[in-house]
Amino acid sequence: MLLRGRYLWPAAWAKIIRKSLLTDNRIFFPEDMVYEDHYWLPLLSVYAESVYMTDMQLYHYFWNPHSTVLSRNQEYHLDCLTIQMLKWNDYRKRGLLREYREEMEYDLLWYVVTSFMKTIISFWDEPPFAYFRLEQEFIKGQIPYPEKNPYIGDLSDINKLLLDVLYSSIHREEFYQISSRIKALLSQ
């Protein structure tokens with residue numbers, strides 16, 4: 001399984017994939033949501049048996065500072081959390097949690113801290129505490145003891161800090177204070 005090494009990152013646009021890999025394994029994007037590649041790429045990593053990587057530049061990516069995912073204070077950023085919930089449910093239905101529980105837990109934790117937590121802190125003038133609490137409840141319900149995961153040490157220091165915040169009992173004002181400090185760290 002290629003999931004832990006994140007060989008297939010960062011995004012869907014950077015890949016050429018056999019159609020049969022997608023159709024045979026029912027790997028599709030959730031419709032009408034942003035952050036859909038967060039659902040799709042881990043599944044691709046589970047089912048791909050091999051990959052070929054090249055340094056050839058085959059695609060010109062345009063960084064749009066006004067893109068959907070870079071827009072500020074938008075409710076659709078909650079899709080990031082919804083995608084994690086859908087993905088976890090799909091892992092369960094596919095039986096992936098029985099076979100790859102630790103890897104799937106690490107994937108969920110990685111996305112929560114690298115995407116959701118950073119998004120609500122970086123792309124909101126006042127990070128939505130309600131979204132944070134919703135994520136806390138979801139993640140603690142699925143992974144009550146993240147420190148038991150053998151891969152958790154692979155997280156960067158800032159991601160470990162975000163994970164600690166996610167698993168801590170903090171109030172709204174503490175969340176805003178911590179968010180301000182993390183926002184400053186992320187902008188360095």
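This is a predicted model: local features need pLDDT of at least 70, side-chain atom pairs count only at pLDDT 80 or more; totals for chains, interfaces and linings use all residues.

User: Why is R133 called partly exposed?

Analyst: The value for R133 is 33% relative accessibility. Buried means under 20%, and exposed means over 50%. R133 falls in between, so it counts as partly exposed.

User: Where is R133 placed, and how far is it from A48 in space?

Analyst: R133 is in helix α5, residues 129-142. Its C-alpha is 35 Å from that of A48. Along the sequence, R133 and A48 are 85 residues apart.

User: What makes T68 partly exposed?

Analyst: T68 has a relative accessible area of 38%. The cut-offs are under 20% for buried and over 50% for exposed.

User: Where is T68, and which residues does T68 touch?

Analyst: T68 is in the loop between α2 and α3. Leaving aside residues up to four places away in sequence, T68 touches V34, Y76 and H77. V34 is 34 residues from T68 along the chain. The C-alpha atoms of T68 and V34 are separated by 7.8 Å.

User: How do α2 and α4 cross?

Analyst: Their axes come within 12 Å and cross at roughly 145°. The crossing of α2 and α4 is right-handed. On the α2 side, the contact is made by D37, H38, L41, P42, L43, V46 and Y47. On the α4 side, it is made by L96, Y100, M104, D107, Y111 and S115. By class, this contact has nine nonpolar, two polar and two charged residues.

User: Why are α3 and α5 called roughly parallel?

Analyst: α3 and α5 pack at an angle of about 15°. Angles under 35 degrees count as roughly parallel. The angle of α3 and α5 is under that cut-off, and the label is therefore roughly parallel. Their axes are 11 Å apart.

User: Is the crossing of α3 and α5 left-handed or right-handed, and which residues make the contact?

Analyst: The crossing of α3 and α5 is left-handed. L81, Q84, M85, W88 and R92 of α3 meet Y131, L134, E135, F138 and Q142 of α5. These residues divide into six nonpolar, two polar and two charged.

User: How many aromatic pairs are there, and why is the pair of F132 and F175 called stacked?

Analyst: The count comes to nine aromatic pairs. For F132 and F175, the ring centres are 4.5 Å apart and the planes are at 25°. Rings pair if their centres lie within 6.5 Å, and planes under 30 degrees apart count as stacked. Both values meet the rule, so the pair of F132 and F175 is stacked.

User: Which parts of the chain does this pair link?

Analyst: The pair links distant parts of the chain. F132 is in helix α5, and F175 is in helix α7, residues 172-186. F132 and F175 are 43 residues apart.

User: Are F132 and F175 buried or exposed, and which residues form the aromatic cluster?

Analyst: Both F132 and F175 are buried. F129, F132, F175 and Y176 form one aromatic cluster.

Definitions and conventions:
Residues are numbered from 1 along each chain as its sequence is written. Side-chain values use heavy atoms; hydrogens and water are left out. Helices (H or I, at least four residues) and strands (E, at least two) are DSSP runs, numbered from the N terminus. Buried means under 20% relative accessible area, exposed over 50%, partly exposed in between (1.4 Å probe, protein chains only). Axes are lines fitted to C-alpha atoms, for helices over the stretch in contact, and angles run from 0 to 180 degrees between N-to-C directions. Angles under 35 degrees count as roughly parallel, over 145 as roughly antiparallel, 65 to 115 as roughly perpendicular and the rest as oblique. A crossing is left-handed if the near helix is turned anticlockwise from the far one by less than a right angle, and right-handed if clockwise. Contact means heavy atoms within 4.5 Å. Ala, Val, Leu, Ile, Met, Phe, Trp, Tyr, Cys and Pro count as nonpolar, Asp, Glu, Lys and Arg as charged, and the others, Gly among them, as polar. Rings of Phe, Tyr and Trp (its six-membered ring) pair if their centres lie within 6.5 Å; planes under 30 degrees apart count as stacked, over 60 as edge-to-face and the rest as tilted.
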